[in-house]
Amino acid sequence: MHSEKLKKLCCMALTALLAVSVCGCKASVDLAQAEAAQAAKEAQQAAENGTTAEEADAETIEDLYSEAGLTPAAEDDPLWADAEFELPAIAQLLAYKATFADTFNENDPSADDFWTVTAMGVVAIPPENATDPFKIVHAKEALVLDYSAALLPSYEPGDAAPKLEDVYGISGNPRSDIIDIDSLSINVESSIVLLGTDEKNGTTVMRVHIEDKEGLITQTDWNVLVERWGDGAEHALPLKVVQFYNVN
């Protein structure tokens, strides 16, 4: 890579010298030679002492972890797979909060917020074979509420859920325990920026970036505190959201 940079610089220097030679001005040629030689020397020194783009990116990431006070999760830590699997549902939670920041209280959600956020999580990561050809998800209420327990910090498995009535896009079947969910979502792209352990209290932190194409969401970066389930039971989502807050 360094040799390619030097070749490009030499070609540029040669081109400059040829262009000046056509003018027939010796003084200009001498000046151009000196400047080209100096530029080539500086470029070579920078190439020898500098870092590659990959190294620069790594240094930037290290700085972010350091500034956030996090110890990075190892690349082979299963936490990465769990976090990446759950990211689409968490991104919907964050997008909902960013859109309705003044009205949505995740620690004391209204019935509408409770069921809408839950539904968005289910649609983002639907249970296997639960989506019909019309993109409607049909799932048992107990399973749907397991999504609630994963995404809403104040809700625990087995807690009584708010009544499901007059909530757009989600409805219960009075003859069964099946809940029907339309394709509810906020169109955002998301990524995990950081994933590690808080050096002060040992909590697991995901830093998530979300953005929409229209640029309407301004609260784009969030710290999401998560933990693994400790009850030994199987859950729809591998991590439980404990807390989240905007960091930009």
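Okay, let's start at Pro 126, which sits in the loop between H5 and E2. The H and E names are helices (H or I, at least four residues) and strands (E, at least two), taken as DSSP runs and numbered from the N terminus. Before I go on: this is a predicted model, where local features need pLDDT of at least 70 and side-chain atom pairs count only at pLDDT 80 or more, while totals for chains, interfaces and linings use all residues. Residues are numbered from 1 along each chain as its sequence is written, and side-chain values use heavy atoms, with hydrogens and water left out.

Back to that proline. Pro 126 has 36% relative accessibility, so it counts as partly exposed. Setting aside neighbours within four places in sequence, Pro 126 is in contact (heavy atoms within 4.5 Å) with Thr 131, Val 137 and Tyr 147.

Asn 129 has a positive phi of about 60°, although it is not a glycine. Why point that out? Because most residues other than glycine have a negative phi. Asn 129 is exposed, with a relative accessible area of 76%. Asp 166 also has a positive phi of about 60° without being a glycine. You'll see Asp 166 in the loop between H6 and E3, and it is exposed, at 78% relative accessible area.

Okay, zooming out. The chain has six helices and eight strands. Reading from the N terminus, the order is α-α-α-β-α-α-β-α-β-β-β-β-β-β. Of the 248 residues in the chain, 36% are buried. If you take contacts with a separation of 6 or more, 61% of them come from residues 24 or more positions apart.

Now, helix H5, residues 111–124. Its 14 residues reach 20 Å from first C-alpha to last, close to the 20 Å expected at 1.5 Å a residue; the expected span is 1.5 Å times one less than the number of residues.

On to the core. A nonpolar core is a set of buried Ala, Val, Leu, Ile, Met, Phe, Trp, Tyr and Cys residues joined through side-chain atoms within 4.5 Å. The largest one here has 58 residues, and those with the most contacts inside it include Leu 94, Trp 115 and Ile 181. H4 (residues 78–99) gives the largest share of this core, twelve residues. As for Ile 181, leaving out neighbours within four places in sequence, its contacts include Ala 119, Val 122 and Val 123.

Last bit: charges. Which residues pair up? There are three salt bridges, each being a side-chain nitrogen of Lys or Arg within 4 Å of a carboxyl oxygen of Asp or Glu. Arg 228 pairs with Asp 82, with the closest N and O atoms 2.4 Å apart. That pair links distant parts of the chain, Arg 228 in strand E7 (residues 221–228) and Asp 82 in helix H4, 146 residues apart. Arg 228 is partly exposed at 42% relative accessibility, whereas Asp 82 is buried at 19%. Glu 106 pairs with Lys 97 at 3.0 Å; Glu 106 is buried at 9% and Lys 97 is buried at 15%. And Glu 156 pairs with Lys 240, the closest N and O atoms being 3.8 Å apart.

Methods
Buried means under 20% relative accessible area, exposed over 50%, partly exposed in between (1.4 Å probe, protein chains only).
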